[in-house]
Amino acid sequence: MHYPSVWIRGWNFANAMARHAATGFSRAADTVIEERLSICQRCPHLVDQHCQLCGCPCIAGNQLLNKLALASESCPLGKWK
């Protein structure tokens with residue numbers, strides 16, 4: 001199992017939070033979150049509920065630290081936006 005380093009994951013998180021703030025902290029609609037989660041759950045890069053490409057968690061109930069809920073975020077492979 002290979003994930004990005006802690007430094008890369010921290011950088012990704014900081015950038016995601018900056019984009020989130022720049023868009024007025026807008027949250028994705030529940031239907032969008034569910035669709036994104038469904039796409040992630042079928043992806044071979046999802047291991048133990050974390051994306052091996054960006055290191056982000058893909059967990060349905062974790063709305064605070066979950067890029068699925070951030071309207072400004074997208075999949076690193078472009079599978080969802």
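**Notebook: a loop, a core and a cavity**

I began with Asp48, which counts as exposed because its relative accessibility is 57%, over the 50% cut-off. I note that this is a predicted model.

Next I looked up where Asp48 sits. I found Asp48 in the loop between strand 1 (46–47) and strand 2 (50–51). I then checked its backbone. Asp48 is not a glycine, yet its phi is positive, at about 55 degrees.

I moved on to Gln49. Gln49 is also placed in the loop between strand 1 and strand 2. Its phi is positive too, about 65 degrees, and Gln49 is not a glycine either. I asked myself: is Gln49 buried, partly exposed or exposed? Gln49 has 46% relative accessibility, so I logged it as partly exposed.

The largest nonpolar core has 10 residues. I listed them as Ala28, Ile33, Leu37, Ile39, Cys40, Cys58, Leu68, Ala69, Cys75 and Trp80. I picked out Ile39 and looked for its contacts. Leaving aside residues up to four places away in sequence, Ile39 touches Lys79 and Trp80.

Last, I searched for cavities. How many cavities of 30 Å³ or more does the structure hold? I found 1. The largest cavity has about 120 Å³ of space. Its lining has 15 residues. Nearest its centre I noted Cys40, Cys51, Cys58, Cys75 and Trp80. Of these, Cys40, Cys58, Cys75 and Trp80 are also on my list for the largest nonpolar core.

Definitions and conventions
Residues numbered from 1 in each chain as written. Predicted model: local features only at pLDDT ≥ 70, side-chain atom pairs only at ≥ 80, totals over all residues. Heavy atoms only, no water. Helix = DSSP H or I, 4+ residues; strand = E, 2+ residues; numbered from the N terminus. Buried < 20%, exposed > 50% of the residue type's maximum accessible area, 1.4 Å probe, protein only. Core = buried A, V, L, I, M, F, W, Y, C linked by side-chain atoms within 4.5 Å. Contact = heavy atoms within 4.5 Å. 1 Å grid on protein atoms, 1.4 Å probe; cavity = no way out; pocket = protein on both sides within 12 Å on 5 of 7 lines; lining within 4 Å. Points joined across faces, edges and corners; volume = space filled by probe spheres on them.
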